[in-house]
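Please find below some short notes on this entry. They are set out as numbered points.

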Amino acid sequence: MLNKKPKQVDTSLRQFIKDLGYISGGAALLATTPWLQSFTPDKAKEIKSEKARIGFIGTGSRGQYSIHAVLAIPHAEIIALCDNYAPNLQTASELCPKAKTYTDYRKMLESSDIDGVIISTPLYLHAPMTLDALAAGKHVYCEKAMALTMDQCKSVYDAYQNTDKVLYFCMQRMFDEKYIKGMQMIHSGLIGDIVGERCHWFRNNDWRRPLPSPALERQINWRLYREYSGGLMTELASHQLEVCCWAMQKVPESVIGVGDIVNWKDGREVYDSVNLVYRYNNGVKINYESLISNKFNGMEDQILGNKGTMNLATGIYCFEEEANVKKSGIEQLINQIGNKIYASVPAAGPSWRPETKEKFTPYNILEGEFQVNDGLSMVGALKDGSDEILSSFCQACITGEKGKNIVEEAYLATMLCHLGNQSISEQKKITFPEEYKIPYMKFS
Amino acid sequence: MKDLVISSKRLKKEILIIAICFIVASIINIISVIIYKTPWYEIFTQIGYVLVITLVIYFMVILIRAIVLLIKKMFVRKS
């Protein structure tokens, strides 16, 4: 859970981009990740010793995670904190004793000292708070997903088009080194043509937080109620669907899905089990599954190519042609004889035989040791790109330069989540509605 | 308990059969290396598989010999 000691993280964007190989292959890197264009080493020099003055709206577990990260960023200082839940505000205030505290975010937005705000509140508050903050002339960083409804997403997107302020949504995989390198490899053709995408997120916990009083059930366990949350789709799938579109470089045109409350029948309204199929116009599909009553499969983002597979979450890739290569000649001969025996089982016909998973030679996307998120934490994982995206936002608060495509990626990911939820509730295939398409989206 | 006596002739015969089985298993290993284009050092590294196959062939030979012996005995009784 939350580590109360300040984390020792490398927040140097210059080093981060150097590590990604910007110096040797900048063009290729920026083609895959255009949002890094604002954070090249040269631009990092521009901020010199300036500091972004940051205010936090929402100081719960995720808010405190971000506070720890911002405290470690040399070009940022936290000057204001806001929360309507006193225990969280008190804890946050102990972390930032110099920061002024507020219980009403509108009052905080009136302060002219604040350059940017970081919003870590329940989903239903994202859109109104983001819109208010932009209207107040603040740069905004908001946790994912973008908003609770499709209309709210469109309102936020439209507001962003009409402002010169910076807007970020915490799609941290966009700043995760192994995802960026993995995408470079995918887009260079390493795994061939993408023929499928498989993402899943499995946990075994009830998603509940301890309650100091039953009256606070909805305020603290907001994730479990549709009035405040999109459930597994907005809380977990939004990250993974963004990755799929990033790899595919286009957006699925339709979705069909099912969802149920299978295990945690405790009065919650959101599903604890969802299975969805998103379909691109060329027939490639995203198979998405999330279940929070079994953690056997963990969390994975698999991009399947006709020449290989990229497992971005685990930071590993492998090639089709290398399947079973480690088997000796005699083992292969025995296997072949075995297959022929099974293939002639009369009851199931000659085509049937057990086709168990073959062994592949794994290669690491990154050299040396790297962090892999097991997907179990409800707050956030170390080195998953969260520190880098926060550092980028703080830099953008100083330069005023918008992060290219960040809002657009968050918009399409959130829209796909809502379309998924709509498909589940209406029990039918949903096609991406024309009124919610934006110029950024490519469907073919 | 009665002692089992294995004659040296019988012992030599069994050792010869096992040796032939081992040669056959080794040939199978060599053929596998050629067919699947795997490294030649597998002739030595896959010796475990060769020994298992040797035993399998040997027991198959024992089975065939036992069947032949049974059939022979049946004919001897009839005549």
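1. Ser386(A) is buried, at a relative accessible area of 0%; buried means under 20% relative accessible area, exposed over 50% and partly exposed in between, with a 1.4 Å probe and protein chains only. The model is predicted, so local features need pLDDT of at least 70 and side-chain atom pairs pLDDT 80 or more, while totals for chains, interfaces and linings use all residues. Residues are numbered from 1 along each chain as its sequence is written, chains are lettered from A and ligands numbered from 1 in the order written, and side-chain values use heavy atoms, without hydrogens and water.

2. Beyond its neighbours within four places in sequence, Ser386(A) is in contact (heavy atoms within 4.5 Å) with Arg62(A), Tyr65(A) and Gln172(A).

3. The whole structure has 0 disulfides over all chains, a disulfide being a pair of cysteine sulfur atoms within 2.5 Å. Cys244(A) is in none, and the nearest cysteine sulfur, that of Cys199(A), is 3.4 Å away. Cys244(A) is buried, at 0% relative accessibility. For Cys318(A), the closest cysteine sulfur is again in Cys199(A), at 15 Å, too far for a bond. Cys318(A) is also buried, with a relative accessible area of 15%.

4. Chain A and chain B bury about 810 Å² between them, 66% of it from carbon and sulfur atoms; this is the accessible area (1.4 Å probe) that the two parts lose on being put together, summed over both. On the chain A side, Gly329(A), Ile330(A) and Leu333(A) lose the most area to chain B, together 55% of what that side buries.
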